[in-house]
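Hello,

Here is the structure we talked about. Please open it first, then read my notes below.

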Amino acid sequence: MQQRNLGKQMWELFSPIFVYFIVGVVVETIVFCVYYFLKMPAYIDTIQTMEDFMKVYMDMVEEILQYSTEIAALSAACTIPFFIWMTRRDARKETALGIVQHKKAPLTKYVLVAGISIPLSLGLNNLILLSNLAEYSEAYQKAAETLYMPSLPVQILCVGIVIPIMEEYLFRGLIFKRIRRYTPARYAILFSAVFFGVYHGNLVQMIYGTICGVLLAWLYEKYGSIKAPILAHVLMNIVSCVMTEADAFTWMFSKTMRMATITVGCAALASIMFLLIQKIEETEPEL
């Protein structure tokens, strides 16, 4: 019986990732097939041997990879409805089981989410750049090159809005919330944050993602709504996109005092916001 319960809990934990993987494979397959049938007629006359076909095929794969960010956003957009349905089903289950839901924080408190997420993102980026970790991670350099390849409006739409919404439903709305049923909040926050960091697949984003994952899960716990981590995640990603596109990090690091002042200021502001958010009562059940 215990093994069955453990297996059920593990399936609850990993089934959202399975859904995301399946949707991603389906979307990528459809995109490639459409691209293949649209482009192949132009190459028909040049294909004489199997080697010619494989060369054309690999050229088309390389062309498609230039749109990795847009394809990832399309996969995310197709996955979001499934995750919304799953989170609502989880909420109905918890209500049926008599699990007390946290009181939702008022909308006026959401300005604090912006107040902590923007300086935290900026300060973390500065510390990572200062550590030179990016120089030793080829995987991160490739990921960053792919993410920032599209134009800024496309980055904001894909990396700044669509993908963060999907990730929040996955890692906070489903994974964190499901772990939270069986463990205290601090363990659920830590586990989901590490999971979020590992998901990014390279050392730099792993560190950044784990720290941000702690904040995002904590915000969900404090605010009692997925809207809080979604807002924070969207703002953090948009700030990173805009600052990178504007080459603002080069400007900051051109003078040591400027970089140090901005980083310390971000840490101070984020700390003040943390103390203010900490005062929000999240344990009072809704009537």
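**Salt bridges**

Glu12, Asp90, Arg178 and Arg181 are joined in a network of salt bridges. A salt bridge here is a side-chain nitrogen of Lys or Arg within 4 Å of a carboxyl oxygen of Asp or Glu. By this rule there are five salt bridges.

Some background before you go on. This is a predicted model: local features need pLDDT of at least 70, side-chain atom pairs count only at pLDDT 80 or more, and totals for chains, interfaces and linings use all residues. Residues are numbered from 1 along each chain as its sequence is written, and side-chain values use heavy atoms, with hydrogens and water left out.

Start with Arg178 and Asp90. Their side chains form a salt bridge at 2.7 Å, N to O. This pair links distant parts of the chain: Arg178 lies in helix 6, Asp90 in helix 3 (residues 68–96), and they are 88 residues apart. Helices are DSSP runs of H or I, at least four residues, numbered from the N terminus.

Asp90 also meets Arg181 in a salt bridge (3.5 Å, N to O). Arg181 sits in the loop between helix 6 and helix 7, 91 residues from Asp90. Are these two buried or exposed? Asp90 counts as buried because its relative accessibility is 3%. Arg181 is at 24%, so it counts as partly exposed. The cut-offs: buried is under 20% relative accessible area, exposed is over 50%, and partly exposed is in between (1.4 Å probe, protein chains only).

Arg180 pairs with Glu221, with the closest N and O atoms 2.9 Å apart. Glu221 is buried, at 7%.

**Helix 9**

Helix 9 covers residues 227–245. Does its length agree with what 19 residues should span, or what is the gap? At 1.5 Å a residue, they should span 27 Å, and the end C-alpha atoms are 27 Å apart, so the two agree. The expected span is 1.5 Å times one less than the number of residues. Its buried residues include Ala228, His233 and Met243. Among the elements that cover them are helix 4 (111–131) and helix 10 (248–253). Contact means heavy atoms within 4.5 Å. Just after helix 9, Asp247 has a positive phi of about 60°.

**Asn202**

Asn202 lies in the loop between helix 7 (185–199) and helix 8 (203–223). Asn202 is buried, at 5% relative accessible area.

Best wishes

How values were computed. Helices (H or I, at least four residues) and strands (E, at least two) are DSSP runs, numbered from the N terminus.
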